[in-house]
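I set out to record what could be looked up in this structure, entry by entry. The entries follow the order in which I consulted it.

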Amino acid sequence: MIILTLRTDKPEAEIGLYDDQAQLNYEVWQAHRALAETLHKKIEAILQSHKKGLQHIQGIVIFEGPGSFTGLRIGMAAANALAYSLQVPIVACSEDWIESGIRRLLAGETDQLALPQYGSEAFVTLPKK
């Protein structure tokens with residue numbers, strides 16, 4: 001099973017490509033404010049480096065948080081969109097996220113929709129009068 005892993009909760013984003021539990025490639029890059037611009041390029045590049053395309057992805061594991069609101073939101077949106085469009089299972093994990101996520105996928109589990117865990121309630125400011 002070809003599995004794409006994503007972590008976007010902090011300025012350094014992470015992407016991995018696995019064949020079952022065997023790591024094919026793993027990359028960390030300084031995404032920070034350019035995450036939305038670089039994420040899809042990194043996915044394409046990591047797949048191309050192994051002569052694969054999006055159609056080869058058979059499962060997605062994403063780090064669910066806690067972490068940056070914007071980073072998690074961008075990563076979750078991209079991962080959910082890929083899983084939906086490719087019709088592949090997706091799982092979101094936090095502790096030992098890669099190992100437990102791959103284990104869940106190989107066991108046939110799916111979250112259907114990955115949801116972020118921000119770590120605390122949203123801080124909402126009152127509108128100015």
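**Entry 1: L17.** I located L17 in strand β2; strands (E, at least two residues) and helices (H or I, at least four) are DSSP runs, numbered from the N terminus. I recorded L17 as buried because its relative accessible area is 0%; buried means under 20%, exposed over 50% and partly exposed in between, with a 1.4 Å probe and protein chains only. I then listed its contacts, leaving aside neighbours within four places in sequence: I2, I3, A22, Q23, L24, N25, I46, L47 and H50. Contact here means heavy atoms within 4.5 Å. I also checked L17 against Y84, 67 residues apart along the chain, and found their C-alpha atoms separated by 19 Å.

**Entry 2: basis and confidence.** I note that this is a predicted model, in which local features need pLDDT of at least 70 and side-chain atom pairs count only at pLDDT 80 or more, while totals for chains, interfaces and linings use all residues. Residues are numbered from 1 along each chain as its sequence is written, and side-chain values use heavy atoms, with hydrogens and water left out. The protein chain averages a pLDDT (the predictor's confidence in each residue, from 0 to 100) of 94, and 98% of the residues score at least 70. I found the lowest confidence in helix α2 (residues 69-86), at a mean of 95, and the highest in strand β4 (residues 59-63), at 98.

**Entry 3: I46.** I turned to I46, one of the contacts of L17, and placed it in helix α1. I46 counts as buried because its relative accessible area is 2%. Leaving aside neighbours within four places in sequence, I46 is in contact with L4, I15, G16, L17, N25 and Y26. The C-alpha atoms of I46 and D20, 26 residues apart along the chain, are separated by 16 Å.

**Entry 4: T5.** I found T5 in strand β1. T5 is buried because its relative accessibility is 0%. Not counting residues up to four places away in sequence, T5 touches E14, I15, G16, Y18, Y26, V61, W97 and I98.

**Entry 5: nonpolar cores.** I looked up the nonpolar cores, sets of buried Ala, Val, Leu, Ile, Met, Phe, Trp, Tyr and Cys residues joined through side-chain atoms within 4.5 Å. The largest holds 25 residues, and L4, L6, I43, I60 and I62 have the most contacts inside it. Two or more of its residues come from each of β1 (2-7), β2 (12-19), α1 (35-48), β4, α2 and β5 (90-93). Another core, of ten residues, lies apart from it and includes I3, F63, V91 and C93.

**Entry 6: α1 against α2.** Which residues meet where α1 and α2 pack? I listed L35, A36, L39, H40 and I43 in α1, which meet G71, I74, G75, A78 and L82 in α2. The helices pack at an angle of about 35°, with their axes 10 Å apart; axes are lines fitted to C-alpha atoms over the stretch in contact, and angles run from 0 to 180 degrees between N-to-C directions.

**Entry 7: α3.** In helix α3 (residues 97-106) I noted W97, I98, S100, G101, I102 and L105 as buried. These buried residues pack against β1, β2, β3 (22-30), β4 and β5. After α3 comes G108, with a positive phi near 90°.
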